[in-house]
Amino acid sequence: MEKTFEFTVENFDRKSTKKIIDGIIEYNLSKVSATNHISTPLEFTVKNEKGTEIGGILAEIGYWNELEIKVLWVEESYRKKGIGTLLLQYAEKTAKEKGAEISILDTFDFQAENFYLKNGYEPIGEIKDFPKGHRRIYLSKKLH
């Protein structure tokens, strides 16, 4: 006799976040052992002389000792003054001290492609015409 199952798809409930994240982590680590047993957030901000946030980086060191940069932002009036490079290098240095061996990120051609190339990142892939007329670029850098 064949069993039938019914499933429902519902709007996401924030309580589900932990279950979903824990589930994918458990699966991933069952396939490739962790070299780092915790995910370590690396989140830093830069403030001006008035104490106003003018930039920041949101990153983390993952289970396989990778520095994953999720967001790096500098307020427009402070760009081209070395703040982005300062944040990037600080995150890379901190990650290296904690055992990270590679840094990975993605950006768009209208964002910071040249910035990352100037900072030693190499393109490893891209999605063309996403968003339409642009490219999404994936980059990495060995942390020596």
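The model is a predicted one, in which local features need pLDDT of at least 70 and side-chain atom pairs count only at pLDDT 80 or more, while totals for chains, interfaces and linings use all residues. Residues are numbered from 1 along each chain as its sequence is written, and side-chain values use heavy atoms, with hydrogens and water left out.

Helices (H or I, at least four residues) and strands (E, at least two) are DSSP runs, numbered from the N terminus. H2 covers residues 83-97, and its 15 residues reach 21 Å from the first C-alpha to the last, close to the 21 Å expected at 1.5 Å a residue; the expected span is 1.5 Å times one less than the number of residues. In H2, the buried residues are Ile83, Gly84, Leu87, Leu88, Ala91, Glu92, Thr94 and Ala95. Their cover includes strand S1 (40-47), S2, strand S3 (66-74), helix H3 (113-118) and strand S6 (135-142), where contact means heavy atoms within 4.5 Å. Just after H2, Gly99 takes a positive phi of about 100°.

On the surface, Leu58, Val71 and Trp73 form a nonpolar patch with about 270 Å² of accessible area together. Patches are made of residues with over 30% relative accessible area and no salt bridge, with like charges joined within 9 Å and nonpolar side chains (Val, Leu, Ile, Met, Phe, Trp, Tyr) within 5 Å. Accessible areas come from the Shrake-Rupley method with a 1.4 Å probe, and for residues only the protein chains shown count as cover. Leu58 has its place in strand S2 (residues 53-61) and counts as partly exposed because its relative accessibility is 41%.

Aromatic rings come next. A pair of aromatic rings is described by the distance of the centres and the angle of the planes. Rings of Phe, Tyr and Trp (its six-membered ring) pair if their centres lie within 6.5 Å; planes under 30 degrees apart count as stacked, over 60 as edge-to-face and the rest as tilted. By this rule there are 6 aromatic pairs. Phe5 and Phe7 make a tilted pair, at 6.4 Å centre to centre and 35° between the planes. Phe5 is exposed, with a relative accessible area of 62%, and Phe7 is exposed as well, at 72%. The rings of Phe108 and Phe110 have their centres 5.2 Å apart and their planes at 10°, so this pair is stacked. Phe108 is buried, at 16% relative accessible area, whereas Phe110 is partly exposed at 47%. Ring pairs also link Phe108, Phe110 and Phe130 into a cluster.

Side chains of opposite charge can pair when their charged atoms come close. With a salt bridge taken as a side-chain nitrogen of Lys or Arg within 4 Å of a carboxyl oxygen of Asp or Glu, the whole structure holds 9 salt bridges. One of them joins Asp22 to Lys18 at 2.6 Å, N to O. These two residues are 4 residues apart in helix H1 (residues 16-31), so about one helical turn separates them. Asp22 is partly exposed, at 36% relative accessibility, while Lys18 is exposed at 58%. Lys15 forms a salt bridge with Asp13, the closest N and O atoms being 3.6 Å apart. Another bridge, between Asp129 and Lys132, has an N to O distance of 3.7 Å. Salt bridges that share partners join Glu113, Glu126 and Arg135 into one network.

The backbone has some details of its own. Most residues other than glycine have a negative phi, and most peptide bonds are trans. Asn65, in the loop between S2 and S3, has a positive phi near 60°. Asn65 is buried, at 9% relative accessibility, and touches Thr35, Asn36, Gly99, Ala100, Glu101 and Ile102, not counting residues up to four places away in sequence. Lys80 also has a positive phi, near 65°; Lys80 is found in the loop between S3 and H2 and is exposed, with a relative accessible area of 85%. Finally, a cis peptide bond with omega of about -10° joins Phe130 and Pro131, and Pro131 lies in the loop between strand S5 (122-128) and S6.

Key
Buried < 20%, exposed > 50% of the residue type's maximum accessible area, 1.4 Å probe, protein only.
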